[in-house]
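The sequence and structure are shown first.

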Amino acid sequence: MKRFPAALEALRDRVPCPFPLRVSRRKLKDGLQGYCKISKISPLSISVVVDKKLSDTMQADVLIHEWAHALLAAHLDEFYTHGPLWGVMYARCYNAVYPD
């Protein structure tokens, strides 16, 4: 089973983002596994990018991490951090993908 597509489907179904969200995979600079970016242009939209050089399992794990950031787009003071609210969002995302 491919983990990345399954993770993406689980996140979309079980922890949907309240804003338009685009997910892509591309080759990123060494050391960068992925990122989440908010468009400053109205209407608000979010891009999640995952390094396609990573293993399928690692891509799924990075997607979970970045999806948690995307869920915080309405809370810009929390969006760029790994604080308590991000931790709660990460746990929700992780449990959506790995429920057992």
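Five of the six residues of strand β3 (residues 46–51) are buried, so the strand is mostly covered; buried means under 20% relative accessible area, exposed over 50% and partly exposed in between, with a 1.4 Å probe and protein chains only. The model is predicted: local features need pLDDT of at least 70 and side-chain atom pairs pLDDT 80 or more, while totals for chains, interfaces and linings use all residues. Residues are numbered from 1 along each chain as its sequence is written, and side-chain values use heavy atoms, without hydrogens and water.

Strands (E, at least two residues) and helices (H or I, at least four) are DSSP runs numbered from the N terminus. Two strands pair if DSSP finds at least two bridges between them.

| Partner of β3 | Sense | Bridges |
|---|---|---|
| β1 (residues 21–26) | parallel | six bridges |
| β2 (residues 34–38) | antiparallel | five bridges |

In β3, I46 lies opposite L21, and V48 lies opposite C36.

Helix α1 (residues 3–14) packs against helix α4 (residues 84–97) at about 120 degrees, with the axes 8 Å apart. Axes are lines fitted to C-alpha atoms, for helices over the stretch in contact, and angles between N-to-C directions run from 0 to 180 degrees. The two helices are therefore oblique: under 35 degrees counts as roughly parallel, over 145 as roughly antiparallel, 65 to 115 as roughly perpendicular and the rest as oblique.

Which residues of α1 meet α4? A7, A10, L11 and R14 in α1 meet C93, A96 and V97 in α4, contact being heavy atoms within 4.5 Å. Six of the contact residues are nonpolar, none is polar and one is charged; Ala, Val, Leu, Ile, Met, Phe, Trp, Tyr, Cys and Pro count as nonpolar, Asp, Glu, Lys and Arg as charged, and the others, Gly among them, as polar.
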